[in-house]
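Colleague: Could you walk me through this model slowly? I am new to reading structures and would like to ask things as we go.

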There are 2 protein chains.
Amino acid sequence: MTIEIEVLVEQALESALSRLQDASTPPTLSRCLHDAVFPGGARIRPRLLWAVADACDHGRPQAVAAAAAAVELLHCASLVQDDMNCFDAADTRRCRPSLHRAFGAGMALLASDALIVGSLELLAKADPDDPLLCVDLVCCLSRHSGARGGITAGQAWESERTVDVSTYHAAKTGSLFEASVELGALCAGAPAQHWTDTGRQIGAAYQVADDLIDVLGSDKRHGKPVGVDASLGRPNIANDMGAEAATAHLIGLIDGVLESLPDCPAPALLRSRILEETNRLLPAGVDRSAA
Amino acid sequence: MTIEIEVLVEQALESALSRLQDASTPPTLSRCLHDAVFPGGARIRPRLLWAVADACDHGRPQAVAAAAAAVELLHCASLVQDDMNCFDAADTRRCRPSLHRAFGAGMALLASDALIVGSLELLAKADPDDPLLCVDLVCCLSRHSGARGGITAGQAWESERTVDVSTYHAAKTGSLFEASVELGALCAGAPAQHWTDTGRQIGAAYQVADDLIDVLGSDKRHGKPVGVDASLGRPNIANDMGAEAATAHLIGLIDGVLESLPDCPAPALLRSRILEETNRLLPAGVDRSAA
C-alpha cells in the first residue's frame with residue numbers, strides 16, 4: 001500500500017505541474033516550478049488526504065488526485081517562501097540549494113505565486129461533473145491558506161510582539177493538515193467538519209516532530225538547516241522541555257489521534273494508514289508500539 | 001454613472017477585505033492588507049468588469065461585486081510584489097511608502113499571498129446558488145494569473161535573456177484586462193471568449209499609457225517613481241518612438257477597441273462606459289475626440 005500511494009502522489013504532482021504550464025510558460029519559471037516540487041519530502045499531506053478519501057470510499061480517483069496534488073503544491077509554495085531572506089534565509093532545502101538561492105528571490109516568489117493559484121485552479125477543475133464539490137474544495141483550501149487562521153496568518157504571527165504559541169502553530173502548521181483531511185473527506189462526499197479535529201491533532205503532532213528535527217536532526221538527513229528555531233528565537237517544544245520529554249509528548253499526541261478517529265466506511269484501513277503516517281513522525285530509533 | 005461605479009467598487013473592496021479577515025487575523029497583517037488596497041489607484045479593472053457585466057444585463061449585483069473586488073485584489077497583490085526589492089525595489093506607491101518599505105518584505109509578501117488566495121475564494125463564493133458560475137470565475141482568474149500566459153508568466157519573462165515584447169506585455173499587463181472583461185461577461189451569462197479580444201486590446205492600450213506615464217509622469221501625480229523602465233533597461237514604447245508618436249499610437253489603439261466591441265444587450269451603454277475608461281488612459285491635456 002505504501003508504495004502504491006507513493007507512486008500515486010508523485011504521478012498526481014507530475015500531472016498537476018504539467019497542467020499548470022504550457023508552451024507560453026517562460027523556461028526558467030518552468031524549471032523553478034519543477035525544482036520547487038521535485039524531489040519531494042515526506043508528502044505527508046497528500047498521503048493523509050488519500051488515506052481519508054480511501055477510508056471514506058470515495059470512488060473518485062481523479063478528484064482525489066487533483067486535491068492531493070493541490071495541497072502539496074500549496075505546501076511547496078509555503079516552503080519556497082519560508083526559505084526566502086525575508087523569513088528564514090535558508091541556504092538549503094532537501095539537501096540542495098534553496099530555490100531563492102538557486103534562481104534568485106524574484107523567480108522563487110513567482111514560482112510560489114504560480115503554485116498557489118495553480119493549486120486552487122486544480123481544485124476548481126477537480127471534477128467537471130460536480131461543480132459544487134469543486135467550489136467546496138476551493139473554499140476549503142483557500143480558507144486554510146489565508147488570513148483567517150490559515151498558513152498566511154500563521155506566518156504573520158511571527159511578526160507580532162505577543163503571540164499565543166498554540167494559535168501560531170495551529171495556523172502555521174495545523175491549518176494545512178486540517179485542509180488535507182477535510183479535502184479527502186469532501187472528495188468522498190463525507191462531512192468535512194467531522195475530520196477537522198483529526199487534522200488539528202495530526203498537525204500538533206507534526207509540529208512537535210518538526211521541533212524535534214530542528215533539535216535532533218542532522219542537515220544530511222533532512223536537507224535543511226537545524227537549530228534554526230533557537231537561532232531565530234522561535235518557540236520550540238523540544239528546546240523547552242528537552243528531547244526525551246518532547247518525544248513522549250509526541251507519542252501521546254499520536255495515541256490521541258488514533259483514539260479519536262471519526263467513523264467512516266473502512267475504519268481498519270483508516271487506522272492502519274494513519275498509524276503508518278504518524279509513525280513516520282517519530283525520531284529515528286523510537287518505536288511507538290514498544291513504548 | 002461615474003460616481004456610482006466609484007462608490008460600488010470601493011464598497012465591494014471594503015466588503016471583500018472584511019470577509020477575508022476575522023478575529024484570528026494578526027493585527028499587522030490586517031493593517032498591511034488594508035494599505036495594499038486603500039487608497040486605490042484608477043480601479044480600471046473592476047470598472048471595466050462592471051461595465052461589461054452591466055452592458056450584458058447581468059441581474060446579479062452580488063456576483064459582479066465579488067468578481068470586481070477579486071480582480072482588483074489580485075492586481076493589488078501584483079503591485080505589492082512588483083515594488084519589492086527582488087523586482088522594482090520601489091520606495092513609493094500611490095504617493096506613500098511602498099508596502100515592503102512600510103511593513104518589511106515578509107509582511108508585504110504575506111499580504112500579497114492573502115490577497116491572491118482571497119481573490120479566488122471570493123470568486124468561489126460569488127453566487128452560492130450557481131456553483132458552475134463560481135467554478136468558471138475561479139478558472140478564469142487563476143488562468144490569467146498563473147504560469148500559462150498569466151501575470152506570473154509575464155513577470156517571469158523579465159528574467160529571460162530573450163523575450164518577445166508583445167508576449168511579455170500580453171501576459172504581464174493584458175492578462176488581467178482579459179480576466180476583467182471575461183469575468184464581467186461570465187457574471188452575466190455571456191460567452192466569455194467573445195470578450196477576450198476587447199480585454200487584450202484595452203490591455204495593449206493600457207501598456208502604452210503606462211509607458212507614457214513612466215516617461216512623462218511626475219512622481220507627485222502618480223505616486224510612483226518615473227523613468228523606471230529606462231533605468232532597468234525594460235522595453236518602453238514611449239522611449240522607443242517618442243512621447244508624441246506613442247500618444248498617437250495610443251489613440252489608434254483606443255479607436256480599435258471602440259470599433260470592435262462585441263454585441264451585447266446594451267451597446268450604447270457599453271460604448272459610453274468603455275469610452276470613459278479608455279479616455280482616462282490619455283496623457284493630461286490630450287483630447288481624443290479632438291484628435
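**A loop residue and its surroundings**

Modeller: Let us start with B:Arg43, which is found in the loop between H2 and H3 of chain B; please keep in mind throughout that this is a predicted model.

Colleague: Is B:Arg43 buried or exposed?

Modeller: B:Arg43 has 20 C-beta neighbours inside 10 Å, and because a residue is called buried at 20 or more, B:Arg43 counts as buried.

Colleague: And what is its backbone doing, say the phi of B:Arg43?

Modeller: Phi of B:Arg43 is near 55°, which is a positive value in a residue other than glycine.

Colleague: Which other residue has a positive phi, near 50°?

Modeller: B:Ala89 has a phi near 50°, again positive in a residue that is not glycine, and its place is in the loop between helix H4 (61-82) and strand S1 (92-93) of chain B. B:Ala89 has 15 C-beta neighbours inside 10 Å, so it counts as partly exposed.

Colleague: Changing topic, how many residues does each chain put into the contact between them?

Modeller: Chain A gives 47 residues to that contact and chain B gives 48 residues. On the side of chain A that touches chain B, the elements giving two or more residues are helix H2 (27-37), helix H6 (105-124), helix H7 (131-145) and helix H8 (151-157) of chain A.

Colleague: Which of them gives the most?

Modeller: H6(A) gives the most to that side of chain A, with 13 residues. By class, the side of chain A that touches chain B has 25 nonpolar, 15 polar and seven charged residues.

Colleague: How are the two copies related?

Modeller: Chain A can be laid on chain B with an RMSD of 0.0 Å by a turn of 180° and a shift of 0.0 Å along the axis, and the two copies are thus related as by a two-fold rotation axis. In chain A, the C-alpha nearest that axis belongs to A:Pro131, at 2.8 Å from it. The same surface serves both copies, since 100% of the contact residues of chain A recur in chain B.

Colleague: What can you say about H6(A) itself, is it covered or open?

Modeller: H6(A) is mostly covered, with 19 of its 20 residues buried. At 1.5 Å a residue, those 20 residues should span 28 Å, and the end C-alpha atoms of H6(A) are 29 Å apart, which agrees.

Colleague: And in chain B, how do H6(B) and H7(B) run, parallel or antiparallel?

Modeller: The axes of helix H6 (residues 105-124) and helix H7 (residues 131-145) of chain B come within 7 Å and cross at roughly 155°, and that makes H6(B) roughly antiparallel to H7(B). The residues making this contact include B:Leu120 and B:Leu123 of H6(B), and B:Leu137 and B:Leu141 of H7(B). The residues of the contact divide into seven nonpolar, two polar and no charged.

Colleague: What about H3(A) and H15(A), at what angle do their axes cross?

Modeller: The axes of helix H3 (residues 44-55) and helix H15 (residues 267-279) of chain A come within 9 Å and cross at roughly 170°, and H3(A) and H15(A) are therefore roughly antiparallel to each other. Here the contact residues divide into seven nonpolar, no polar and four charged, and among those making the contact are A:Arg47 and A:Asp54 of H3(A) and A:Arg273 and A:Glu277 of H15(A).

Colleague: One last thing, which residues does A:Glu160 touch?

Modeller: Not counting residues up to four places away in sequence, A:Glu160 touches B:Pro26, B:Pro27 and B:Thr28. The place of A:Glu160 is in the loop between H8 and helix H9 (165-187) of chain A, and with 13 C-beta neighbours inside 10 Å it counts as partly exposed.

How values were computed:
Residues are numbered from 1 along each chain as its sequence is written. Chains are lettered from A and ligands numbered from 1 in the order in which they are written. This is a predicted model: local features need pLDDT of at least 70, side-chain atom pairs count only at pLDDT 80 or more; totals for chains, interfaces and linings use all residues. Two residues are in contact if their C-beta atoms, placed from the backbone, lie within 7 Å. Helices (H or I, at least four residues) and strands (E, at least two) are DSSP runs, numbered from the N terminus. Ala, Val, Leu, Ile, Met, Phe, Trp, Tyr, Cys and Pro count as nonpolar, Asp, Glu, Lys and Arg as charged, and the others, Gly among them, as polar. Copies are superposed by least squares on the C-alpha atoms of residues with pLDDT of at least 70 in both. Axes are lines fitted to C-alpha atoms, for helices over the stretch in contact, and angles run from 0 to 180 degrees between N-to-C directions. Angles under 35 degrees count as roughly parallel, over 145 as roughly antiparallel, 65 to 115 as roughly perpendicular and the rest as oblique. The expected span of a helix is 1.5 Å times one less than its number of residues. A residue is buried if 20 or more other C-beta atoms lie within 10 Å of its own, exposed if 12 or fewer, and partly exposed in between; C-beta atoms are placed from the backbone.
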